Amino acid sequence: MPAALDEIVEEFRAVGDRDKLELLLELSRELPEPPSSYADRLDEMEQVVECQTPLFLAVEFDDAAGTADLIFAAPPEAPTTRGFASILHQGLSGLRCEEILAAPDDIADRLGLKRAITPLRMRGMSAMLARVKANVRRHTHSVSG
């Protein structure tokens, strides 16, 4: 698991269920706004429809470096969704594509949130990561020919 993501998972494992929600809320406030190039252009981002609240995703690639930057857009009134998007952003954005693809699919479970949030929200979190990986996989396959 990438070091930054592992650090976040360990931070969640170190606290109780109630504090996990507070930590997720704190992370939701740290999610950066999409770059100005996406202002008023959410339609150019991919909507993760499995999330209960609107979440939009874009992945920008630097083929020379082999890296991918993750961009998320979610309304402030969706702290759970924003919190998990922030976890993915902080833990995976800017990494090499292989590192992103190697991230464990069960990150949401590893955070220990099953008792703190609903199964539907857990599925949304897993769907976010799956979409990120699908985008990276599709791009790396198209670049490699």
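Helices α3 and α6 (119–144) each give at least two residues to the lining of the largest cavity. Helices here are DSSP runs (H or I, at least four residues) numbered from the N terminus. This is a predicted model, where local features need pLDDT of at least 70, side-chain atom pairs count only at pLDDT 80 or more, and totals for chains, interfaces and linings use all residues. Residues are numbered from 1 along each chain as its sequence is written, and side-chain values use heavy atoms, with hydrogens and water left out.

A cavity is a set of points on a 1 Å grid over the protein atoms alone where a 1.4 Å probe fits but cannot get out, and lining residues have an atom within 4 Å of a point. Grid points are joined across faces, edges and corners, and a volume is the space filled by probe spheres set on them. By this rule there is one cavity of 30 Å³ or more, and the largest cavity holds about 70 Å³. Around it sit Glu50, Cys51, Gln52, Thr80, Thr81, Leu120, Arg121, Gly124, Met125 and Met128. α6 brings the largest share of that lining, five residues. By class the lining has four nonpolar, four polar and two charged residues (Ala, Val, Leu, Ile, Met, Phe, Trp, Tyr, Cys and Pro count as nonpolar, Asp, Glu, Lys and Arg as charged, the others, Gly among them, as polar).

On to the helix pairs. Axes are lines fitted to C-alpha atoms over the stretch in contact, and angles run from 0 to 180 degrees between N-to-C directions; contact means heavy atoms within 4.5 Å.

| Pair | Angle | Axis distance |
|---|---|---|
| α2 (17–30) and α3 (79–92) | about 70° | 7 Å |
| α1 and α2 | about 145° | 9 Å |

For α2 and α3, the angle of about 70° makes the two roughly perpendicular (65 to 115 degrees). Among the residues in their contact are Leu24, Leu25 and Leu27 of α2 and Phe84 and Ile87 of α3. That contact has six nonpolar, five polar and two charged residues.

For α1 and α2, Glu11, Phe12 and Arg13 of α1 meet Lys20, Leu23, Leu24 and Leu27 of α2. This contact divides into four nonpolar, no polar and three charged residues.

Gly16 is in the loop between α1 (3–13) and α2. Gly16 is partly exposed, at 38% relative accessible area (from 20% to 50%, with a 1.4 Å probe and protein chains only).

Notes
Angles under 35 degrees count as roughly parallel, over 145 as roughly antiparallel, 65 to 115 as roughly perpendicular and the rest as oblique. On a 1 Å grid over the protein atoms alone, a cavity is a set of points where a 1.4 Å probe fits but cannot get out, and a pocket is an open set with protein on both sides within 12 Å along at least five of seven lines; lining residues have an atom within 4 Å of a point.
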